Amino acid sequence: PAIPPTLAPPPTPLPPELIAEADAEELLLINIYERVSPSVVSIQAVKSVEDFEHPALPEGIPTPEFPDEPFRQEGEGSGIVVDVQGHIVTNNHVVADTTELMVTLYDGTTLPATVVGVDPDSDLAVIKVDAPPESLRPITWGDSDQVRVGQRAVAIGNPFGYENTLTSGIISGLSRSLPAVTRYRIPDIIQTDAAINPGNSGGPLLNSQGEAIGVNSAIVPNFNSLGERSFLGVGFAIPANLAQRVVPVLIEKGEYAHPWIGFRGMDVLPEVAAAMDLPEASGALVIGVIPGSPADEARLRGGNREVEIMGQPITVGG
């Protein structure tokens, strides 16, 4: 039988220092949210899909006639206000191939937006709204080169359309890379376990000072029975220092020209060094060279033979 309330032992109170620590953590997150949320916007993107295939109907049910016009596909994302002129940074994949963009500011105002510039190589884009300066609060950028594994990470965005959502965690890893749609890889990616879901793309990843240290871009997805993506504890953000280089050029020129070398390669692992009779495992192995690239003009050479290393074929000799 249940213990009568009068006989239940009283709960052990928490030590005052733990209560103070918990209160400090809450106040920190509340302060970050109240200061930074006005710098984060919600983006609604509409894309026209010319070759949309309508779902097949069960046998015996006639197929209805659909209007002969492009199918409208709607998506959502987040954005970061960067100045009082109305420029907003987001991900390139949020605005790519869109026919209509609408931005909802922190105060609930919804405005049409135009694309100013895109950079598929860094998955960054800049859009612009015509809004009064007093309704825009630019973000404060942090130095992503100073980020350390284990420090606090806070994300603000619009996951699954839930506007102005805050999640927190830590920096889980550094120096990751992500593939861009151009087949190049985005370097110095920040990994976090702060919950990032579809709709967070383009929003800020923040440090304890409320400075943007990254632009949330991707997750390792988990697909449920409905085919919807959800977070598995591994999210990625484009480093703030890369965004600070790219964004001003996108505003000025509409595009960004990245330096490039033009070869495919990999780290020289000990197994590779042994296969190539190298004295030590260091440097980069040149696997292939893109014709006409700076690497080609500099006379770098690709590999000329395959060896099997750890069960995988590797082209060596470059």
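This is a short tour of a predicted model, stop by stop.

Before you start: residues are numbered from 1 along each chain as its sequence is written. Local features need pLDDT of at least 70, side-chain atom pairs count only at pLDDT 80 or more, totals for chains, interfaces and linings use all residues, and side-chain values use heavy atoms, with hydrogens and water left out.

**Stop 1: the salt bridge**

Select Glu 25 and Arg 152. They form a salt bridge, with their closest N and O atoms 2.5 Å apart. The term means a side-chain nitrogen of Lys or Arg within 4 Å of a carboxyl oxygen of Asp or Glu. A search of the whole structure finds 1 salt bridge. Glu 25 sits in helix α1 (residues 16-36) and Arg 152 in strand β7 (residues 152-157), so the pair ties together parts 127 residues apart in sequence. Helices (H or I, at least four residues) and strands (E, at least two) are DSSP runs, numbered from the N terminus.

Buried means under 20%, exposed over 50%, and partly exposed in between (1.4 Å probe, protein chains only).

**Stop 2: a loop**

Now select Val 181. This residue lies in the loop between β8 (165-179) and β9 (185-192). Val 181 is exposed, with a relative accessible area of 68%.

Tyr 184 counts as partly exposed, at 40% relative accessibility.

**Stop 3: the largest pocket**

What space lies in the largest pocket? About 1,200 Å³. A pocket is an open set of points on a 1 Å grid over the protein atoms alone, where a 1.4 Å probe fits, with protein on both sides within 12 Å along at least five of seven lines; lining residues have an atom within 4 Å of a point. The volume is the space filled by probe spheres set on the points, which are joined across faces, edges and corners.

The lining has 33 residues, and those closest to the centre are Tyr 184, Arg 185, Ile 186, Pro 187 and Pro 259. Colour β8, β9, α3 (240-253), β13 (263-267) and β14 (284-289): these elements each give two or more residues to the lining. The largest share, 5 residues, comes from β9.
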